[in-house]
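Hello,

Here is the structure you were waiting for. My notes on what was found in it follow below.

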Amino acid sequence: MTKKKIGVWNGVPVYTDFLPIGTRRTGQRLDSGVPKFAVIHDTGNKDTSAQANVNYFKNTYNISWNQVASAHIFVDDVECIICIPVTEKAWHVLYNTTQDNFHYGDDANDIAFGIEFSYFSSQSRSLKSLDNGCRIMAALCNSWTLNPKTHLPGHQNIQSDKQDPGNLLEACGYKRSDMKIIDDLIIKYMKGDAPVKKVAPKPEKVITANPKKAKSILSMSSKAYYKGTIKYDASLRKRKGSTLNDFSFGEEIGIVKKGIEVYIFQEIKDAQGNTWCRTYSNKNNGWVHKDTIKKTKTFISMKKKATTKKKSTNKNNDIYTVKPGDYLFKIAEQHKVSVSDLKKWNNLKSDTIFPKQLLKVAKPSETKPKVTAKKKAPVKVNTNKKIARLTQEEAVNYLWSMKDKYIDWDNRFKLQCYDAANAYWHSLFNHSLSGMYAKNIHIDNRAVLQNESEIIIYDGKRKPQKGDMLIFYYQIYGSIAGHVAMCLEAGENGMTIIEQNYDGSGTMPCTIRTCNFFGLIAIVRPNFK
């Protein structure tokens, strides 16, 4: 999809540069059909242009669900770029944030669009970006009949852990909380342009999934469920977030050494399918990946006790009779469901309801067939398995062609080993990988890699093969980030690999080297064509 100029709104050049369909842009239509409000953001990334932010989204358009974020529009001191149509969903506010539901009756992702303002070290550039963004929002408010005083909250106003557009306001010399500056500027420019509002046509491909949440496997216990020893030096993580909807385990706070005994008091499976285990001790207080633990003794049985659910004596618990003065949001609040679910379950095309109308207020149950005989469980087949675009031989030829090339895939941090890995994976599956540290590639990208490859935790028994992506931990490369390389040849005692930034300088191109298996912690074996 190429960049295309579509006009000038209130003096600001406007372009479309749409993201490919993936996790950032799924192609889903807003539940409301058209935007009911908009959320003001800033990029949170000082001195980056609108185009740079759009390019980053395009390069990571199919990022893993637990890291996904997106927005519809980016504006800087030069131009405005629309990368997702405002009538489609984007992931710009956390699901189940209470304030957007309280004020507007639904989640922002489902009924609103988000606009991101760039900001800069230069106050004059920040002020120009602010002015351009307000000109664009004035035009959109005119088009979609949005009231700037009531229907343009800042991200920080509806999600308590956010601080945008406070970064923008501060860069402009204002107080971080002074949203009135933005509101007044938008109102000033609303006497100007009003672009013809358009509902984007449905893309050929639409992804129906939403950002997933974590799942509790073992709830927090005052007594340890089990103990075990660490199989190899393991990353000790900090949990961020307040609920299962936003838990993440990306921040490393230390290392748990091989052979250390750990006691586990809780388990949580993150949105990518990684299970993290809570351990407490004077030296190791945090979360470790379950794959790094060799269980040695169980203290609390983890088998679920069989329970018999009592049948409801009231068959009409899931049906509500509308009373005078009722409205959908009020009913949704009473029954702890969303407005969009009520409309879906009752085939409602608008928010209009009538007294004495019967509404389903719970998800209709599915009738399950009776099992007459116990059958052997079928073998699970991964129906989501994806095959690379290259054969193993073609992939290895591609790796040889990378020799002496300088690859800066994400245009950040100079030349890194991860850049070369991203170029390789893109050649196989037409998308790049996510995450910061090379040593965590197989963890941070688990949800994607489990469909595109076999993830092998290295134990010395299974050796690398041609075309494998190799994950190293030990700080033999001068960085806690670990290292990643690709295998060209392999034998019983060593291998030939191609890698970038072996010396940690950020300037070393892709180089071929022969080495042993020291520091290898995981092998990612692609599903070759």
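**Notes on the model**

Asp184 counts as partly exposed because its relative accessibility is 35%; here buried means under 20% relative accessible area, exposed over 50%, and partly exposed in between, with a 1.4 Å probe and protein chains only. Its partner in a salt bridge is Lys180, with the closest N and O atoms 2.7 Å apart. A salt bridge is taken as a side-chain nitrogen of Lys or Arg within 4 Å of a carboxyl oxygen of Asp or Glu. Lys180, at 53% relative accessibility, counts as exposed. Both residues sit in helix H7 (residues 180-189), 4 residues apart, which is about one turn of the helix. An α-helix has 3.6 residues a turn, so residues three or four places apart point the same way.

This is a predicted model, in which local features need pLDDT of at least 70 and side-chain atom pairs count only at pLDDT 80 or more, while totals for chains, interfaces and linings use all residues. Residues are numbered from 1 along each chain as its sequence is written, and side-chain values use heavy atoms, with hydrogens and water left out. The pLDDT, the predictor's confidence in each residue from 0 to 100, averages 85 over the protein, and 89% of the residues score at least 70. Residues 304-315 stay under 50, and the model has 1 contact beyond four places in sequence for them; contact means heavy atoms within 4.5 Å.

**Other salt bridges**

The structure holds 19 salt bridges. One of them joins Lys227 to Glu261, with the closest N and O atoms 3.4 Å apart. Lys227 is in strand E8 (residues 226-230) and Glu261 in strand E11 (residues 261-269), so this pair ties together parts 34 residues apart in sequence. Lys227 is buried, at 18% relative accessible area, and Glu261 is partly exposed, at 40%.

Arg525 and Asp468 also meet through their side chains, at 2.8 Å from N to O. Arg525 belongs to strand E22 and Asp468 to the loop between E17 and E18, so far as sequence goes 57 residues apart. Both Arg525 and Asp468 are buried. Elsewhere, salt bridges with shared partners join Asp31, Lys89 and Asp110 into one network.

**The sheet and its helices**

Helices (H or I, at least four residues) and strands (E, at least two) are DSSP runs, numbered from the N terminus. Two strands pair if DSSP finds at least two bridges between them. An open sheet is formed by 6 strands in the order E17-E22-E18-E19-E20-E21, with antiparallel pairing. Its edge strands, E17 (453-457) and E21 (511-515), each pair on one side only. On average, neighbouring strands are turned by 30 degrees against each other, direction ignored. Axes are lines fitted to C-alpha atoms, for helices over the stretch in contact, and angles run from 0 to 180 degrees between N-to-C directions. E20 (residues 495-499) pairs with E21 over 5 bridges, and Thr496 stands opposite Thr514 in E21.

Helix H10 (residues 392-401) lies across E19, E20 and E21, at about 120 degrees to E19. Helix H11 (residues 417-429) lies across E17, E18, E19 and E22, at about 60 degrees to E19. Of the 13 residues of H11, 12 are buried, so the helix is largely enclosed by the rest of the structure. Among them are Tyr418, Tyr424, Trp425 and Phe429. Asn430 follows H11 and has a positive phi, near 65 degrees.

Regards
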